[in-house]
Amino acid sequence: MTTHLLKRELKRGSTELLVLALLEEQPRHGYDIARLIDERSQGSITYQVASLYPTLYRLENRDLIEGRWVEKAGQRRRRYYRLLPAGRKVLASQRSVWEGFFAGLDRVAHLTQG
Amino acid sequence: MDWNRIVGEAFGQRQMPEDDVIDELAQHADSAYQAARAEGSSGDEAERRVRELLQAWSADPDVLTRRPRRPSTVVPPKASASGLAGLLGDLRYALQLMRRQWTHTLVVVLTMALGIGASTVLFSVVYGVLVKPVPWPDADRLVRLLETRQGSTRPMRFFTNVTFLAWADKPATIERIGGWSSGRMTLSGTTGAERVIVAEVTSELLPLLGARLALGRPFDIDPANALDQHQVVIDDRLWHERFGGRRDVLGQVLRLDGASYRIAGVMTPSFGFPSRETRAWIPFVVKPGGLSMFQAIARLNPGVTPAQAQAEANARGRAAPDPGLVVMAVFGSKGPVQVSVVPLIESITGEVRPALFLLLVAAGLLLAAATANVASLQLARAMNRRREFAIRAALGAGGGRLVRQLLVENTLLGLVGGGFGLVLAAWLVRGLPSLLPADFPRIADIAIDWRVAAFSIGLSFAASIFFGLAPALHAGRVKLAPSLAEDGLAPVGGGTRTATARARLLLMAGQVAVAAVLLVGAAVLGRSFVALISADRGYDPSRVLTARLPLPDATYTPVRRAAALERVVDHLKRVPGVTAAAVSTGLPLVPGDTLAGFNMRSPRDGRDVQVHTSIRHVSPGYFEALRLRIRDGRGFTESDTAAARGVIVVNRVFARRYLGDKPVGSRVPSSYKHGETEAEVVGVVDDVSNGAVTDPVAPELYRCSLQLSDGFDDDVPSLIVRTAGEPLGVVPVLRSIVSGEDASVALESVMTMENRLATSLAKPRLYALLLGAFAVFALTIAGVGLFGVLSRIVSLRTREIGVRTALGAAPADVVRVVLQQAMVVTTGGIVVGLAISAAVGRYVSQLLYGVTPYDPVSYSVVSIVLILVVIVACIVPARRAARIDPARVLR
């Protein structure tokens with residue numbers, strides 16, 4: 001039960017980091033982001049898709065990312081998000097917070113020793 | 001599967017998020033469904049998974065709110081505001097709008113800055129060169145005097161001693177008359193020798209110009225006392241360079257061309273006559289007898305017109321004693337004296353006047369195109385702001401209120417653009433001296449002063465009123481109900497329905513027309529320049545090095561000079577890579593021909609004819625060095641020495657005019673030594689254009705320098721070297737040969753012949769380049785403007801195009817609709833532009849060579865270029881039109 005709770009908290013807190021990191025590579029649409037999180041974490045972060053769009057909209061409201069409709073012939077129009085300069089800064093600071101957090105966890109709980 | 005509907009149902013009417021969110025979630029749902037199917041799930045299974053997703057989403061719809069489309073956070077000023085406070089409010093609002101729509105602002109400001117900048121530069125040049133008074137007191141009474149003979153076809157370049165002396169004696173229409181001639185002299189002293197420009201001036205000239213001396217007095221000389229004439233007035237630069245600006249300089253000695261001159265005065269720094277480069281002035285006495293040529297100006301009596309002075313000068317000149325046959329040689333006619341009296345400023349700037357006016361008009365056209373472009377942009381923006389205006393009108397803002405607001409906005413934009421234009425112009429004007437040909441008149445007078453700045457600001461103001469007026473009129477007419485009712489969706493066929501759309505198309509056509517006019521001008525001037533540079537001048541200027549070698553009379557007798565030159569040329573011929581070398585008394589494109597007139601018996605009919613010809617002394621190898629074609633007989637050889645029979649070579653004009661069918665073998669009175677009266681014509685060479693290609697070629701007689709028993713008497717001979725490789729590579733060798741001959745002399749004017757040619761064509765090249773730059777800019781703004789208008793038309797007609805596509809129109813049909821509109825606009829613009837070009841063509845014709853102002857090649861090329869640009873500008877809007885998804889449009 002406690003493990004389950006921790007996992008959920010971690011997931012929620014990390015959502016922003018994951019989204020910003022994926023948008024750092026290139027502009028992407030929502031489905032693409034969800035799919036990549038699933039694929040790259042090899043299923044260990046099965047992502048609560050319900051929180052994806054609220055996160056995207058929140059990040060957009062904070063001017064960290066910017067969404068734009070793109071139309072391609074013969075396709076549904078898709079909303080692509082791209083990282084804004086402010087988002088890049090937030091991503092960097094979140095990365096260092098998470099790095100510190102993991103280093104601390106490691107020192108206490110010896111994660112890497114398995 | 002209609003995911004939009006399914007997503008909408010999942011939320012239920014009560015908590016429906018906005019359409020965009022539904023659209024985005026539906027897109028996700030669709031992708032998830034397709035992915036599940038691809039993984040092998042059945043349709044039902046896949047739909048079940050997606051519905052789970054939808055349930056999770058719709059659990060908390062509140063977090064699915066996107067930031068609302070930000071409405072203008074710029075708060076419009078109050079409707080009731082009036083007076084100064086209202087104006088300030090408008091200004092603040094306009095500034096905020098400019099910041100918010102910064103890309104639009106940038107485009108407008110840049111366009112205006114370039115238009116205003118170009119016009120300002122041209123205005124500053126026209127003002128500084130043509131309009132600004134010359135710096136001498138009562139300059140409007142100063143006139144330039146030039147003389148010719150009735151019937152002469154040669155351009156007027158000088159005044160003669162005969163008319164000068166006849167008129168200087170108690171003239172009625174002029175206060176004073178002054179003469180000068182200017183040239184280079186070797187200034188020697190403790191700091192080494194240098195060649196400086198020195199003007200010989202009559203004692204009247206400096207007072208006539210109102211010259212004030214910083215030190216000493218202008219020379220006042222006794223024409224009878226030759227020693228008295230060795231005085232000099234030096235300029236400020238020479239005073240500081242050679243004498244450290246010391247006040248005890250008066251009475252000291254300056255050595256010019258080996259002779260001593262006593263310093264009588266120092267000129268103020270601002271004085272620069274005949275040119276700014278003049279370093280010193282020495283006395284010049286106009287002597288009676290014979291015919292001598294120099295430059296002259298006069299100061300008119302108050303109230304006298306140039307025409308009255310001209311009448312007096314003609315009468316005096318015609319009453320003067322006839323100097324005889326030499327008149328024929330100089331003027332090519334023995335008709336009565338004809339004097340031209342023109343205001344000094346006109347004579348200084350007359351040559352560049354037509355070109356400057358042409359360029360000023362071109363800059364004006366460019367500004368007009370830029371203004372039209374901005375007007376079109378502002379109109380489009382006004383269309384987008386209809387709702388804003390309508391709402392504000394509904395809230396009580398009167399039509400006049402909105403018009404004022406728009407005028408404030410546009411004037412601000414225009415003034416900012418104009419400000420940047422002025423900065424750009426100031427920057428360009430600073431670079432002008434290095435850009436303009438060195439012989440461009442009055443370069444020092446070109447500057448951005450308050451008049452130019454006022455012109456520029458006034459122009460920006462006028463332009464903003466123009467481009468602000470259309471949107472303002474539009475706003476004044478906004479109808480409340482239709483504007484509020486209309487939802488940004490234009491009715492079918494909206495592209496040209498509204499007055500605004502028509503106005504934009506008209507502005508567009510105008511821009512295309514301006515681009516066409518400027519392009520035609522640039523093309524015609526460009527082709528004329530190419531014709532000038534590739535015109536057959538009778539010689540081959542490639543791979544030829546030329547230089548002038550001053551061997552002053554003070555140290556060289558003509559005989560000694562001839563020997564020195566022979567040694568230099570012999571040396572040169574042995575340098576590897578040199579294929580021919582020669583010395584001569586002149587070079588093509590370098591003024592200063594020796595003219596002669598004599599009688600001879602015509603070989604044609606035995607009658608006496610009067611010959612007038614220019615004479616050139618050249619060494620054997622001259623024709624080879626310039627690759628001057630020999631049409632008949634032979635050129636000079638090393639065996640044509642003083643001991644041999646005297647021989648000459650003439651050009652074709654000489655042969656045709658004086659020698660008849662068999663020129664070679666004819667005898668012409670031209671003696672090399674005592675006891676010899678005639679020389680034999682041994683060859684005929686091609687005509688060489690020594691000045692501009694357009695000048696008629698005069699008869700020319702070449703004498704062999706090796707045969708001159710009296711030596712070489714031109715103290716600044718020219719060297720001509722033809723090389724196998726790069727001619728400038730020979731320069732170090734040439735310098736060392738010359739300094740080996742005499743370390744105290746220095747080569748001057750070392751240039752390739754091609755370089756001389758390019759320098760002589762610097763003005764036509766400048767005009768073509770400037771007009772070309774204007775044309776490219778006009779073409780760019782026309783292209784970008786067209787792109788903007790077409791994009792707007794496509795977005796306005798989205799509905800119509802959607803309907804057409806839904807009804808079965810192929811993408812090609814849709815593209816054709818867009819292209820059609822563009823082509824109608826452009827074709828109209830091109831036709832008008834070409835018609836205007838043809839109508840103004842005759843004003844340009846005097847600037848052209850070898851091409852007519854109606855040149856069909858230029859006209860065709862310009863049309864093709866414009867059509868290509870239009871096609872490029874159409875591609876993106878047309879593709880967008882073709883991709884419009886009818887389903888989305890109709891939903």
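1. Helix 6 (residues 161-168) of chain B and helix 9 (residues 306-319) of chain B have axes that come within 8 Å and cross at roughly 110°. Angles of 65 to 115 degrees count as roughly perpendicular, and helix 6 of chain B and helix 9 of chain B are therefore roughly perpendicular to each other. Their crossing is right-handed. To find the contact on screen, look for V162(B), T163(B), A166(B) and W167(B) on helix 6 of chain B, and for A313(B), R316(B), G317(B) and A319(B) on helix 9 of chain B. Sorted by class, these are five nonpolar, two polar and one charged residues.

2. The crossing of helix 17 of chain B with helix 25 of chain B is right-handed. In this contact there are 17 nonpolar and seven polar residues, with no charged ones.

3. Next, a hairpin in chain B. Strand 14 (residues 594-601) of chain B pairs with strand 15 (residues 608-618) of chain B in the antiparallel sense, over eight bridges. One pair to pick out is F598(B), which stands opposite V611(B) in strand 15 of chain B. Between the two strands lie six residues, and in this hairpin G606(B) takes a positive phi near 75°.

4. Strand 2 of chain A pairs with strand 3 (residues 78-83) of chain A over six bridges, in the antiparallel sense. Within that pairing, R68(A) has Y80(A) in strand 3 of chain A as its bridge partner.

5. How many residues does the contact take from chain B and from chain A? It takes 17 residues from chain B and 13 residues from chain A. On the side of chain B that touches chain A, helix 2 (19-38) and helix 3 (43-58) of chain B each supply at least two residues. Helix 2 of chain B gives the largest share of that side, seven residues. By class, the side of chain B that touches chain A has eight nonpolar, four polar and five charged residues.

6. Finally, some words on confidence. The model scores ipTM 0.84 and pTM 0.70. Chain B has an average pLDDT of 84, and 93% of its residues score at least 70. Which elements of chain B have the lowest and the highest mean pLDDT? The lowest, 51, belongs to helix 16 (residues 480-485) of chain B, and the highest, 95, to strand 21 (residues 718-723) of chain B. Over residues 485-495 of chain B, pLDDT stays under 50, and the model has 14 contacts beyond four places in sequence for these residues. Where pLDDT is low, the predicted coordinates should not be read in detail.

Notes. Residues are numbered from 1 along each chain as its sequence is written. Chains are lettered from A and ligands numbered from 1 in the order in which they are written. This is a predicted model: local features need pLDDT of at least 70, side-chain atom pairs count only at pLDDT 80 or more; totals for chains, interfaces and linings use all residues. pLDDT is the predictor's confidence in each residue, from 0 to 100. Helices (H or I, at least four residues) and strands (E, at least two) are DSSP runs, numbered from the N terminus. Two residues are in contact if their C-beta atoms, placed from the backbone, lie within 7 Å. Axes are lines fitted to C-alpha atoms, for helices over the stretch in contact, and angles run from 0 to 180 degrees between N-to-C directions. Angles under 35 degrees count as roughly parallel, over 145 as roughly antiparallel, 65 to 115 as roughly perpendicular and the rest as oblique. A crossing is left-handed if the near helix is turned anticlockwise from the far one by less than a right angle, and right-handed if clockwise. Ala, Val, Leu, Ile, Met, Phe, Trp, Tyr, Cys and Pro count as nonpolar, Asp, Glu, Lys and Arg as charged, and the others, Gly among them, as polar. Two strands pair if DSSP finds at least two bridges between them.
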